[in-house]
Amino acid sequence: MVGFLMWFCVGCLFLLLGLWAWRSRKAVCFWANIETVPMKDVKAYNRAVGKLWVVYGIVFIFLGVPLLTGNPLGIMITILGTLAECIGVMAVYLLVIQNKYERK
């Protein structure tokens, strides 16, 4: 139960990050410690990144539900699902969002 509560809190942080990115006026950084490349439409870019983080947070929380059972198979689903989700978020950012809004 404690593990799921911690998992839920981290998921809520991702939700808050998404809401902050959605409302930001400057282009938000997706990668840590790297400046964002110039974007054509900063507002639309921030909304896309915000949506990405909100969806990530919601899926992250749902992936933590098997932690409530304590079943080893459920815990493996949580771990592998989170790994796949992280790779998917990076792919969506690079292939869809950055390509669509980057100033070339």
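Q: At roughly what angle do the axes of helix α2 and helix α3 cross?
A: Roughly 170°. The model is predicted. Helix α2 covers residues 42–63 and helix α3 covers residues 72–101. Their axes come within 10 Å.

Q: Why give an angle and a distance for packed helices?
A: Because two packed helices are described by the angle between their axes and the distance between the axes.

Q: Back to the crossing of α2 and α3 at roughly 170°. Is α2 roughly parallel or antiparallel to α3?
A: Roughly antiparallel. Angles over 145 degrees count that way, so α2 runs roughly antiparallel to α3.

Q: Which residues in α2 and α3 meet?
A: From α2, they include A44, Y45, L52 and F60. From α3, they include I77, E85, C86, V89 and Y101.

Q: How many residues of that contact are nonpolar, polar and charged?
A: The contact of α2 with α3 has 17 nonpolar residues, 3 polar and 1 charged.

Q: New topic. How many helices and strands does the chain have?
A: It has 3 helices and 0 strands. From the N terminus on, the order is α-α-α.

Q: What does the C-alpha trace span along its principal axes?
A: About 50 × 25 × 20 Å.

Q: What percentage of the residues count as buried?
A: 32% of the 104 residues in the chain.

Q: And how much accessible surface does the chain have?
A: About 7000 Å². Carbon and sulfur atoms account for 73% of that surface.

Q: Last one. Among contacts between residues at least 6 apart in sequence, what share join residues at least 24 apart?
A: 70% of those contacts.

Technical notes. Residues are numbered from 1 along each chain as its sequence is written. This is a predicted model: local features need pLDDT of at least 70, side-chain atom pairs count only at pLDDT 80 or more; totals for chains, interfaces and linings use all residues. Side-chain values use heavy atoms; hydrogens and water are left out. Axes are lines fitted to C-alpha atoms, for helices over the stretch in contact, and angles run from 0 to 180 degrees between N-to-C directions. Helices (H or I, at least four residues) and strands (E, at least two) are DSSP runs, numbered from the N terminus. Angles under 35 degrees count as roughly parallel, over 145 as roughly antiparallel, 65 to 115 as roughly perpendicular and the rest as oblique. Contact means heavy atoms within 4.5 Å. Ala, Val, Leu, Ile, Met, Phe, Trp, Tyr, Cys and Pro count as nonpolar, Asp, Glu, Lys and Arg as charged, and the others, Gly among them, as polar. Buried means under 20% relative accessible area, exposed over 50%, partly exposed in between (1.4 Å probe, protein chains only). Accessible areas come from the Shrake-Rupley method with a 1.4 Å probe; for residues, only the protein chains shown count as cover.
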